[in-house]
Amino acid sequence: MYWYMFISVLAAWRLTHLLQAEDGPFDIIYYIRKKAGTGFFGSLLDCFYCVSIWVAVPFAIWLGNRWWEILLYWLAISGAVCLLEQFTGNKKTNTPDYKED
């Protein structure tokens with residue numbers, strides 16, 4: 001069961017990153033984001049953390065047997081995906097975290 005959880009987190013991170021930050025093969029994902037526009041679905045695809053919540057749902061349903069297990073897996077997978085993004089995301093090293101007045 002633990003291997004399934006680990007693989008689910010990696011797969012969810014990969015799908016989330018693909019949907020939010022990449023163009024995909026033959027620019028398919030770019031075309032989907034372009035069609036979504038600036039409306040509700042377009043804004044969901046702009047936010048990595050928002051996309052991770054919805055990508056985690058099918059993995060949670062696959063792993064959990066009871067409703068409370070599905071809920072816990074849903075939150076755990078989305079949280080793990082967000083942590084992976086924090087560790088692997090692009091960091092701007094040249095800009096300080098403060099602004100002088």
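**Exercise 1. Classify F6 by its accessibility and place F6 in the fold.**

Solution. F6 has a relative accessible area of 48%, so F6 is partly exposed; buried means under 20%, exposed over 50%, and partly exposed in between (1.4 Å probe, protein chains only). F6 lies in helix α1, residues 2-21. Helices here are DSSP runs of H or I with at least four residues, numbered from the N terminus. F6 and S78 are 72 residues apart in sequence, yet their C-alpha atoms lie 12 Å apart in space.

This is a predicted model: local features need pLDDT of at least 70, side-chain atom pairs count only at pLDDT 80 or more, and totals for chains, interfaces and linings use all residues. Residues are numbered from 1 along each chain as its sequence is written, and side-chain values use heavy atoms, with hydrogens and water left out.

**Exercise 2. Trace what α4 buries, and against what.**

Solution. Start with the buried residues of α4: F48, V51, S52, V55, A56, F59, A60 and L63. They pack against α1, α3 (40-46) and α5. Contact means heavy atoms within 4.5 Å. Now move to the largest nonpolar core, which has eleven residues, including V9, L45, F48, I77 and V81. Such a core is a set of buried Ala, Val, Leu, Ile, Met, Phe, Trp, Tyr and Cys residues joined through side-chain atoms within 4.5 Å. α1, α4 (48-63) and α5 (67-88) each supply at least two residues of this core. α4 gives the most, with six.

**Exercise 3. Describe two of the aromatic pairs.**

Solution. The whole structure holds four aromatic pairs. Rings of Phe, Tyr and Trp (its six-membered ring) pair if their centres lie within 6.5 Å; planes under 30 degrees apart count as stacked, over 60 as edge-to-face and the rest as tilted. F48 and Y49 are edge-to-face: 6.0 Å centre to centre, 90° between the planes. F48 is buried at 7% relative accessibility, whereas Y49 is partly exposed at 36%. W54 and W74 have centres 6.3 Å apart and planes at 45°, so this pair is tilted. W54 sits in α4 and W74 in α5, 20 residues apart.
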